[in-house]
2 protein chains.
Amino acid sequence: MPNMYCEREKEHLQSVQRAKEGVLSHTDVQKMCKIFQVLADSTRMKIVLALMKGEMCVYHLAEVCDATVSGVSHQLRILRDNGIVRTRRFGKNVEYSIADDHVREMVDLAVTHLSCVGATL
Amino acid sequence: MPNMYCEREKEHLQSVQRAKEGVLSHTDVQKMCKIFQVLADSTRMKIVLALMKGEMCVYHLAEVCDATVSGVSHQLRILRDNGIVRTRRFGKNVEYSIADDHVREMVDLAVTHLSCVGATL
DNA sequence: TGAACATTTGAACAACTATTCAAATATTCA
DNA sequence: TGAATATTTGAATAGTTGTTCAAATGTTCA
């Protein structure tokens, strides 16, 4: 059902064709979204920002993020399940750290974006 | 209420201090999250991926994204309100395009991330 | 102006998600 | 082993959000 009335049909068809050629499968798109979804919560973002400064246990993360230990633990599981953070037992504590450098880059880009357009948003 | 029993208290305190020094305000963190939130939906991601190939109207976007025109329009409003896409009237049509290069970079990074670790997630 | 096309909007519903509290599981050490 | 510390888990709830359908708004052109 092509839109026969769209005035820019010809110009669009090129874009449409390129878009359809390079199109990712629906599941691939969902996997991409997952990365953003995981970073789309402020508690999780605070956790990631904190861990970018160094390894920490749940208790200290809760302190930095101004959240409950339980809440932080729940969010850490999501970060862990999605390969964003890594865990390491050290005695009674569990040490959390950033697992993936792409995440650092994305967060840094978001900070840049914020300082560029943040004032106007 | 410092955790007096955490065995790595001293090491953590450095991380905690750095984290607290560079800490963003809660509203700034929320603004950062907003960017990720906007890209965290598969319909919106498909729209952005399509527009990265060229300008298009709502109808063609709906075709490429395999969604309804109304649904795409709703999501375009969110992208527009968050400075991700730009609009331009052209006769009866409204042409949408990517407004912000940071978004391109972030999406590209996510694609890279997907091809690196996507298989294992 | 009115008919046809193109896009947006609003309301309603269903699905998802973050948070909280209480309870369970690990780990260490006396 | 049992007490103390540290973290995780499950269930419940409240808030958010994407989709759908119908109706409204814009735009062009005869």
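## Two chains, one axis

A:Ser15 sits in helix H1 (residues 9-21) of chain A. Helices here are DSSP runs of H or I with at least four residues, numbered from the N terminus. This is a predicted model, in which local features need pLDDT of at least 70, side-chain atom pairs count only at pLDDT 80 or more, and totals for chains, interfaces and linings use all residues. Residues are numbered from 1 along each chain as its sequence is written, chains are lettered from A in the order in which they are written, and side-chain values use heavy atoms, with hydrogens and water left out.

**A serine facing chain B.** A:Ser15 is buried, at 5% relative accessible area. Buried means under 20%, exposed over 50%, and partly exposed in between, with a 1.4 Å probe and protein chains only. Not counting residues up to four places away in sequence, A:Ser15 touches B:Lys53, B:Gly54, B:Glu55 and B:Met56. Contact means heavy atoms within 4.5 Å. The side chain of A:Ser15 also reaches the backbone oxygen of B:Glu55, at 3.4 Å.

**The symmetry.** Two copies of a chain are related by a rotation about an axis and a shift along it. Here a rotation of 180° with 0.0 Å of shift superposes chain A on chain B, with an RMSD of 0.0 Å. That is the relation of a two-fold axis. Of the residues of chain A, A:Phe36 comes closest to the rotation axis, its C-alpha at 2.5 Å. Both copies use the same surface: 100% of the contact residues of chain A recur in chain B.

**Helix packing in chain A.** H3 (residues 42-51) and H5 (residues 69-81) of chain A pack at about 75°, with axes 10 Å apart. That makes H3(A) roughly perpendicular to H5(A), a label for angles of 65 to 115 degrees. From H3(A), A:Thr43, A:Arg44, A:Ile47 and A:Val48 meet A:Val72, A:Gln75, A:Leu76, A:Ile78 and A:Leu79 of H5(A). The residues of this contact divide into six nonpolar, two polar and one charged.

**Positive phi at Asp66.** Most residues other than glycine have a negative phi. A:Asp66 has a positive phi although it is not a glycine, and B:Asp66 also has a positive value.

| Residue | Phi | Place | Relative accessibility |

Technical notes. Axes are lines fitted to C-alpha atoms, for helices over the stretch in contact, and angles run from 0 to 180 degrees between N-to-C directions. Helices (H or I, at least four residues) and strands (E, at least two) are DSSP runs, numbered from the N terminus. Angles under 35 degrees count as roughly parallel, over 145 as roughly antiparallel, 65 to 115 as roughly perpendicular and the rest as oblique. Ala, Val, Leu, Ile, Met, Phe, Trp, Tyr, Cys and Pro count as nonpolar, Asp, Glu, Lys and Arg as charged, and the others, Gly among them, as polar. Copies are superposed by least squares on the C-alpha atoms of residues with pLDDT of at least 70 in both. A polar contact is a pair of N or O atoms within 3.5 Å; within protein, one must be able to donate a hydrogen and the other to accept it, and residues adjacent in sequence count only if both atoms are side-chain atoms.
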